[in-house]
Amino acid sequence: MGWLSRFITAVAFLAIGVIFSPDTLGSKSTTLSTYLKLAHLLSFSTAFGAALWVTFIGGIIMFKNLPRHQFGNLQSKMFPAYFSMVGVCCAVSVASFGYLHPWKTSSTTERYQLGFLLSSFAFNLANLFVFTPMTIEMMKQRHKVERENSVGEEVGWSKNVEVAKSNPQLAAMNKKFGMIHGLSSLANIMSFGSLAIHSWYLAGKIDL
C-alpha cells in the first residue's frame with residue numbers, strides 16, 4: 001500500500017469516527033472548539049508517539065543491527081523529516097491550545113501547559129535548523145576519515161576509539177561531533193519531556 005493510499009485510509013477512518021460520534025448522531029452542531037480539541041489531540045499524540053519511538057526504540061534497534069556508517073546515513077535522512085513532523089505537530093498543538101485557552105482568561109496551570117508546548121516546539125526548531133545540520137555535516141566529514149582508516153562497517157560499537165588514539169584528526173572530529181550530537185540529543189530529550197508533562201495534564205482532563 002502506497003503512502004497516499006495509507007493516508008486516505010487514515011482520513012477515511014477519521015471521517016467515519018466523526019460521522020458516527022454521539023454529537024453527530026444526535027443532530028447537534030459541532031462547534032469549532034470540538035475541531036480544535038481534535039486537532040490538538042491528534043497533533044500532540046503524533047508528536048509524542050513519534051518522539052517515543054525514535055528516541056527510545058527505533059534508534060536503538062537500528063544502532064544494534066546496522067553497520068555504523070549505514071546507520072548514520074539513514075539517521076541523516078530520517079531526523080530532518082522527524083523534527084519537521086514533530087515541529088509541525090507542536091505548532092498545531094500550541095495554536096489550538098492557545099485558542100482554546102486565551103492567555104488573559106487562562107489559569108496558571110493552563111499557562112504552564114502552553115509554556116511546555118512552546119518549549120517542545122522551540123527545542124524541535126533548534127534541532128531542525130541548528131543542531132541537526134551541524135551534526136550531519138560533521139558526521140560526513142568523520143565518515144570520510146574513518147573510511148580511510150577502514151572504520152565504519154562494523155555493527156554496534158565502533159573501532160573508532162582505538163583508531164582515534166593514533167589519529168589526532170579523528171580524535172578532534174570525535175570531540176566536536178560528540179559535543180554537537182550531545183546538544184542535539186539534549187534538545188530532543190527536553191522536547192520529549194515537555195510533551196510528557198503535557199500528557200499528564202491531558203490525562204487529568206479525560207473522562208473515561
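Is S150 buried or exposed? S150 is exposed, with a relative accessible area of 58%; exposed means over 50%, buried under 20% and partly exposed in between, with a 1.4 Å probe and protein chains only. S150 sits in the loop between α5 and α6 (160–164). Its phi is near 55°, a positive value in a residue other than glycine. Most residues other than glycine have a negative phi.

The model is predicted: local features need pLDDT of at least 70, side-chain atom pairs count only at pLDDT 80 or more, and totals for chains, interfaces and linings use all residues. Residues are numbered from 1 along each chain as its sequence is written, and side-chain values use heavy atoms, with hydrogens and water left out.

**Overall fold**

The protein chain has 7 helices and 0 strands, in the pattern α-α-α-α-α-α-α along the sequence. Helices (H or I, at least four residues) and strands (E, at least two) are DSSP runs numbered from the N terminus. Of the 208 residues in the chain, 35% are buried. Among contacts with a separation of 6 or more, 79% join residues 24 or more positions apart; contact means heavy atoms within 4.5 Å.

**Annotated spans**

The unreviewed UniProt entry carries the annotation "transmembrane region" for residues 42–66, 78–100, 112–132 and 183–203. Such annotations may be inferred rather than shown by experiment, and the positions are given in the numbering used here. Two of these spans are described below.

**Helix α7 and its partners**

The axes of helix α3 (residues 32–65) and helix α7 (residues 168–205) come within 10 Å and cross at roughly 135°. Axes are lines fitted to C-alpha atoms, for helices over the stretch in contact, and angles run from 0 to 180 degrees between N-to-C directions. α3 and α7 are therefore oblique to each other, since angles under 35 degrees count as roughly parallel, over 145 as roughly antiparallel, 65 to 115 as roughly perpendicular and the rest as oblique. The crossing of α3 past α7 is left-handed, that is, the near helix is turned anticlockwise from the far one by less than a right angle. On the α3 side the contact is made by H40, F44, A47, F48, A51, L52, T55 and F56, and on the α7 side by N188, I189, F192, L195, A196, H198, S199 and L202. These residues divide into 11 nonpolar, 5 polar and no charged. Ala, Val, Leu, Ile, Met, Phe, Trp, Tyr, Cys and Pro count as nonpolar, Asp, Glu, Lys and Arg as charged, and the others, Gly among them, as polar.

For α4 and α7, the axes come within 13 Å and cross at roughly 35°, and this crossing is left-handed too. Y82, F83, C90 and F97 of α4 meet N188, L195, H198 and Y201 of α7. The contact holds 6 nonpolar, 2 polar and no charged residues.

Q113 is found in helix α5 (residues 108–148) and is buried, with a relative accessible area of 6%. Leaving aside neighbours within four places in sequence, Q113 is in contact with F97, I197, H198 and Y201.

S96 is found in helix α4 (residues 68–100) and is buried, with a relative accessible area of 3%. Not counting residues up to four places away in sequence, S96 touches L36 and H40. S96 and L38 are 58 residues apart in sequence, with 9.2 Å between their C-alpha atoms.
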